[in-house]
Amino acid sequence: MGIRRLHFYKQRTIFLSKRWKNIWASVRSLDFCDTGNPDTISFSRFIDNVLFFRDSTDIHKFRLHSISVEDFDRVCGWIGAAVRRNVAELNLSVNYYGGDEDHPQIFELPQSVFTCKTLRVLQLWSNFIINAPASGCFPNLKSLYVHFDRPVNNSMEKLFSCCPVLEDLSIHGTHGRYGDEAVLNFTVSAPELKTLKVRWTTQNDYEKCNFLVVTPKLETFHLWQYPSTDCYLENVKSLVRVTIALQDHVADEDRLFSIRGTALLAVISSVRHLSLSAHCLKGCCLPVFDKLRRLELALYNCYYWELLKVLLRRSPRLEYLVLELKDFMCPGASSDHQWSPPDSVPICLLTHLKTVSIWGFKGKPDEMDAAKYLLMKGLMAELEPKRVKDRISALPDAVLCHIPSFLSTDEAVATYILSKRWKKVWASVPNLDFDDSNISESVPFLRFVDNVLFYRDSTDIQTFRLQSSCIEDFARIRGWIETAVRRNVVELDISVEDYAGDEDHPRVLELPERVFRFKTLVNLVLRSNFIINPPASGCFPSVKSLIVYIGHPVDKSIEKLFSCCPIVFLENSETLVKVTITLHDPLHDNSADADHHFAIRGTALLAGISSARSLYLSAHRLKECCLPTFDKLSRLELILYNCYYWELLIQMLKRSPNLENLVLELNECKCGESSDHQWSPPQFVPRCLLSQLKTISIRGFKSKVDEMKYLLENGEVLKKMTIYYNDQLCIQEELHKQLSIFQWGSETCQVEFLSDIREINSASLGMF
């Protein structure tokens with residue numbers, strides 16, 4: 001059946017044709033929401049008529065979100081009608097404020113809901129009065145999602161102990177609004193529960209909320225907890241994956257928190273996968289995590305490297321480590337951290353740890369020291385003679401040479417002290433990396449490079465990287481580059497500058513002619529100005545990748561560089577697959593002449609790449625450009641600036657009929673124009689939204705939902721929308737509500753909220 005949902009006013013499909021006249025009466029999913037509909041009487045009559053004139057078909061999904069219906073008996077009748085029609089999924093939010101927004105009337109959940117045998121999924125998005133029967137409650141309920149908003153009675157506490165077959169439970173809520181010192185006690189007792197998510201926030205530190213969890217088959221547990229929330233776990237031996245995010249930092253709570261934290265961590269010490277984000281764990285006596293294989297750890301500046309060292313010592317079998325270095329400034333904490341290595345190397349580093357990922361790395365001294373420690377101790381463990389002598393002896397020379405290729409050349413040379421077999425390994429390392437930026441004297445650096453190249457064996461050089469800013473002897477530098485070329489170098493990365501006391505007029509190196517002619521060179525990176533004198537023919541015969549950084553060139557010879565690469569330019573570009581265009585305008589010149597000239601060039605450029613399948617586009621001024629049609633484009637990454645904001649998105653959607661994946665980044669860069677942007681939907685829905693677009697990611701989100709609403713309402717084949725943002729949890733919960741009160745174009749779409757960093761699921765804030 002073509003129509004699966006019936007939303008308010010969608011009964012009008014009867015006008016499409018005679019065949020549609022009665023189809024609405026068989027729709028399996030009913031969706032009623034009075035948000036934005038001030039006429040309560042017509043809304044109530046509409047639901048009455050839909051349910052009264054409905055045929056005998058079962059109702060699969062029934063969704064009711066109401067804030068204006070005062071007649072709770074009528075609401076109870078609607079829900080009862082859905083239960084009698086064997087409803088499988090029930091989604092309810094019932095509030096009536098009656099002029100007092102602080103004290104809404106609370107709806108009592110009908111008894112028929114508790115005893116419904118067909119109900120599999122229940123979502124409660126508002127407070128309810130719960131009077132569950134003594135037995136026979138929720139006989140087949142598998143999934144329960146509950147969202148409390150400062151509950152005003154204790155009946156909700158009974159809800160989680162009357163679900164005998166429940167497998168998936170999510171509890172979201174806030175507590176503390178009216179100033180009373182109530183304590184809420186929730187007992188989660190579900191013998192079949194496998195996944196539990198608890199996210200509870202408090203408005204006041206003196207209002208408490210306690211969770212007692214008794215779930216013998218629990219496998220996955222996610223807890224977002226504030227200091228005034230306690231969670232006690234009993235009989236959870238089957239736990240495999242745990243996420244704990246202890247959200248707040250209150251100095252006065254440190255002592256009490258350390259006691260509760262110790263108890264909580266002791267209970268989950270047998271897990272295999274742990275994601276931990278916590279501010280104050282200094283006083284906790286951390287247990288030994290004997291079975292832990294994967295650790296995802298967020299480090300805050302109130303308790304930084306110490307927590308990492310303690311967890312490494314207490315996780316002897318750890319194999320995978322993911323670190324996230326947080327910028328959050330905790331009250332009274334210093335941002336100046338020093339890495340001090342532990343007294344003894346943790347066992348996991350010596351025997352088990354295989355991969356380390358670090359997010360938020362900024363290259364600070366303490367971060368560099370910690371990374372070097374993990375790298376070198378992990379490497380030393382593989383080379384420990386007493387532990388793996390036979391294994392290392394059996395490795396071929398090619399493998400031994402590959403290991404130090406990940407280090408800088410001075411560090412690679414230092415590996416000769418590890419063992420006798422490593423004494424000459426450095427002379428065969430395929431990658432050479434020389435950098436004098438941290439060297440005060442040039443003479444030792446010159447001798448070091450000379451010796452490395454002189455004592456090197458006959459092995460080819462794969463990558464040669466030279467970064468120099470203090471060497472005056474350019475003839476010597478040309479000799480080094482030519483040596484790399486003679487050794488069949490494949491990748492050449494060069495930056496050479498000599499200011500010789502005049503920072504405004506640096507000397508410029510002439511690129512050796514041998515570089516232009518060599519047949520093995522594939523990748524060339526020039527990170528400073530060079531004098532370019534290429535030969536008349538046979539230039540760069542094999543170069544496929546050329547990256548050039550030009551900073552205030554002192555002569556015009558650099559112009560010759562791009563005309564002697566037989567593989568570069570945008571004529572006959574039908575084979576283009578992936579294109580990245582960043583039209584950077586630091587001055588944001590908004591004059592009419594600038595716009596006109598840019599429009600001409602921009603139109604020509606975009607027309608030349610219109611056959612691309614993947615496009616990354618970042619530009620300030622495209623207003624006057626005649627955008628082409630991107631018939632083959634399936635992925636678009638678009639940076640939106642306030643000088644040309646939603647208009648560019650609308651134009652690109654119109655001109656990309658086969659677009660499947662959309663990534664948006666809302667940039668705060670000020671272009672000299674108004675930053676107050678209003679979303680105005682296009683007159684016609686773009687074809688890609690109706691038939692092709694499957695995923696949308698949005699970064700830099702600032703809690704405005706009009707654009708999201710349009711995309712969700714019209715994305716008929718949309719599978720997932722991911723929203724990245726930096727705001728607080730309460731904003732995320734408000735978005736959660738706003739996006740759930742209107743009908744989506746796709747029944748299978750999921751919306752996920754993530755913190756706005758390039759990270760793995762450890763920073764996830766929720767999905768619905």
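**Helix α15**

I looked up helix α15, residues 646–654, in this predicted model. I asked which of its residues are buried. They are W646, L648, L649, I650, M652 and L653.

**N714**

I stayed with helix α17, where N714 lies. Is N714 buried or exposed? Its relative accessible area is 17%. The cut-off for buried is under 20%, so N714 counts as buried. I then looked at its side chain. A polar atom there lies 2.9 Å from the backbone oxygen of Y710. Which residues does N714 contact, leaving aside neighbours within four places in sequence? I noted V685, L689 and L690.

**Cysteines**

I searched for disulfides and found 0 in the structure. C76 has 32% relative accessibility, so C76 counts as partly exposed. C231 has a relative accessible area of 9%, so C231 counts as buried.

**Helices α1 and α2**

Last, I turned to helix α1 (residues 40–52) and helix α2 (residues 72–84). Their axes are 11 Å apart, and the packing angle is about 30 degrees. Angles under 35 degrees count as roughly parallel, so α1 is roughly parallel to α2. I noted the crossing as left-handed. Which residues meet here? From α1 I listed S44, R45, I47, D48 and L51. From α2 I listed R74, W78 and A81.

Definitions and conventions
Residues numbered from 1 in each chain as written. Predicted model: local features only at pLDDT ≥ 70, side-chain atom pairs only at ≥ 80, totals over all residues. Heavy atoms only, no water. Buried < 20%, exposed > 50% of the residue type's maximum accessible area, 1.4 Å probe, protein only. Helix = DSSP H or I, 4+ residues; strand = E, 2+ residues; numbered from the N terminus. Polar contact = N/O pair within 3.5 Å; in protein donor to acceptor, adjacent residues only side chain to side chain. Contact = heavy atoms within 4.5 Å. Disulfide = S-S within 2.5 Å. Axes fitted to C-alpha atoms, helices over the stretch in contact; angles between N-to-C directions. Parallel < 35°, antiparallel > 145°, perpendicular 65-115°, else oblique. Left-handed = near helix turned anticlockwise from the far one by under 90°.
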